[in-house]
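Subject: Structure handover

Hello,

Here is the structure you will be working with. Please open it next to this email and follow along.

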Amino acid sequence: MAVRVNFAPVHDDDDARERLEMDLLLEAIQRRYGYDFRGYATASLRRRLWHRVYGENLETLSGLQERILHQPPAMERLLRDLSINVTEMFRDPGFYRSLRERVFPLLRTHPFIRVWNAGCSTGEESYSLAIALREEGLLERTRIYATDIDSEALARASAGTFPLERMQRYTENYLRAGGTEAFSSYYVADGDSARFDPSLVDGIVLAQHNLVTDGSFNEFHLIVCRNVMIYFGSALQEDVLQLFGDSMSRFGILALGRKESIRRSRHAEEYEPLDEAEKIFRRRI
Amino acid sequence: MAAVQLVAIGASWGGLQAVECVLGALPADFGAAIVVAQHRQAREDHNDRLTSLLDGRCELVVREAEDKQALRPGVVLLAPADYHLLVEPGEVALSVDAPVNFSRPSIDILLRSAADAYGDRVAGVVLTGANADGAEGLARIAARGGAAIVQDPDTAVRREMPDAALATTPAARVAALEEIGPLLVELVRSGARTG
């Protein structure tokens with residue numbers, strides 16, 4: 001993101017004005033476009049909003065508000081800035097090992113398995129899940145519902161092509177994640193892209209879903225939502241954990257990012273840890 | 001001046017010993033919360049080795065930050081490998097946004113968010129490193145009236161990062177590595193007395 005050094009002193013008055021501009025901008029986005037970012041964690045949100053201010057060659061958050069109200073394409077660009085989560089295939093290999101060792105044996109007992117990959121972004125995680133499930137012989141009876149707020153990210157996930165240059169890193173991740181095949185057997189090189197086996201995406205249903213404003217749409221045996229809620233404030237996190245609870249089958253499993261916690265949540269008592277370090281929890285009811 | 005409630009430290013090449021030296025000089029009843037962004041390989045530290053190492057070598061409690069973990073006086077929260085650490089009022093937040101200048105955690109992101117959340121109640125510290133990370137964030141802390149401290153480049157394993165910080169924040173206090181801990185103690189105490 002653009003680095004701008006401002007040497008001018010910042011006064012409390014400037015702070016108060018920026019907060020007001022930010023509140024008004026988020027209110028405008030919510031009322032005009034229905035996307036509600038008001039419960040997001042402030043620091044990352046502020047950073048992303050200013051990134052768009054500079055990207056539009058503007059000076060202020062108020063200027064961005066005018067731009068997005070009068071030019072819907074600017075809102076799409078802002079939405080992209082606010083929603084894209086950078087991810088990679090088999091990020092945190094230990095998490096996927098834990099899925100294989102502790103979670104899949106539990107899923108295996110179900111004749112049909114429903115997985116919700118919430119906040120799937122451009123699909124790297126969904127494909128990783130599909131590959132792990134296939135190698136455990138479970139993909140044929142699994143449906144992965146991969147959802148994201150951003151339709152363009154979903155379109156990229158649907159294409160199943162990822163930058164070829166990343167395959168070396170993904171291969172290392174995959175091997176450390178307990179992969180049993182040659183990772184290169186899952187894709188073919190196509191120019192600068194790696195085009196993944198289309199049969200992987202057969203088991204994946206991609207759909208637009210906003211964790212903040214949309215409700216429950218099915219009951220899942222496993223919900224994977226990693227490094228998505230870190231962008232939410234504590235109150236919004238509570239709402240989303242409620243949504244996940246409402247969207248789970250009996251003894252459903254919730255997998256969060258390695259540095260996320262439900263300890264401080266009022267929903268904490270509803271879960272028991274399956275793997276404390278990898279933040280995989282099983283619902284008690 | 002206002003009481004310093006938060007100390008935000010950035011370190012890169014040679015930073016482990018430098019961070020250990022600074023934290024080691026702070027007493028268990030240190031009156032401010034501490035956040036640290038130390039550049040490191042994403043792979044090397046999945047078992048929080050850096051955290052337990054530092055925790056064992058200083059009087060303060062050292063933890064790898066969890067998302068939305070509360071900031072408490074005398075508790076050090078380290079940015080986890082491969083995450084950005086950001087400061088919110090009273091707590092920290094994590095992000096997996098793209099690396100900034102090849103770094104995640106980014107020191108600039110940490111210092112800037114600390115300035116935004118704590119204004120003149122933050123002390124920012126830039127230690128040894130072979131890049132320019134932290135220079136922008138430290139300028140932001142200074143602009144908001146916080147205390148800006150830079151390790152004397154002559155005492156740094158790599159001087160590029162302190163030099164870059166001094167270029168954006170010429171008014172920053174320059175201190176030899178072993179002077180930084182005592183200086184922080186003084187800032188927290190004197191602020192508490194007069195602020």
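Below are notes on the sheet, the helices on it and the chain contact.

This is a predicted model: local features need pLDDT of at least 70, side-chain atom pairs count only at pLDDT 80 or more, and totals for chains, interfaces and linings use all residues. Residues are numbered from 1 along each chain as its sequence is written, while chains are lettered from A and ligands numbered from 1 in the order in which they are written.

**The sheet**

Start with chain B. Seven strands make an open sheet there, ordered S3-S4-S2-S1-S7-S8-S9, with parallel pairing. Strands (E, at least two residues) and helices (H or I, at least four) are DSSP runs, numbered from the N terminus. Two strands pair if DSSP finds at least two bridges between them. S3 (61-64) and S9 (173-175) of chain B are the edge strands, and each pairs on one side only. From one strand to the next, the twist averages 20°. Angles run from 0 to 180 degrees between N-to-C directions; axes are lines fitted to C-alpha atoms, for helices over the stretch in contact.

Now find S8 (residues 147-151) of chain B. It pairs with S9(B) in the parallel sense over three bridges. B:Val150 has B:Val174 in S9(B) as its bridge partner.

**The helices**

Helix H5 (residues 160-168) of chain B packs on the sheet and touches S7 and S8 of chain B. Its direction makes about 145° with that of S8(B). Contact means C-beta atoms, placed from the backbone, within 7 Å.

**The chain contact**

Chain A gives 25 residues and chain B gives 26 residues. On the chain A side, helix H2 (residues 42-55) gives the most, with four residues.

Best wishes

Methods: Contact = placed C-beta atoms within 7 Å.
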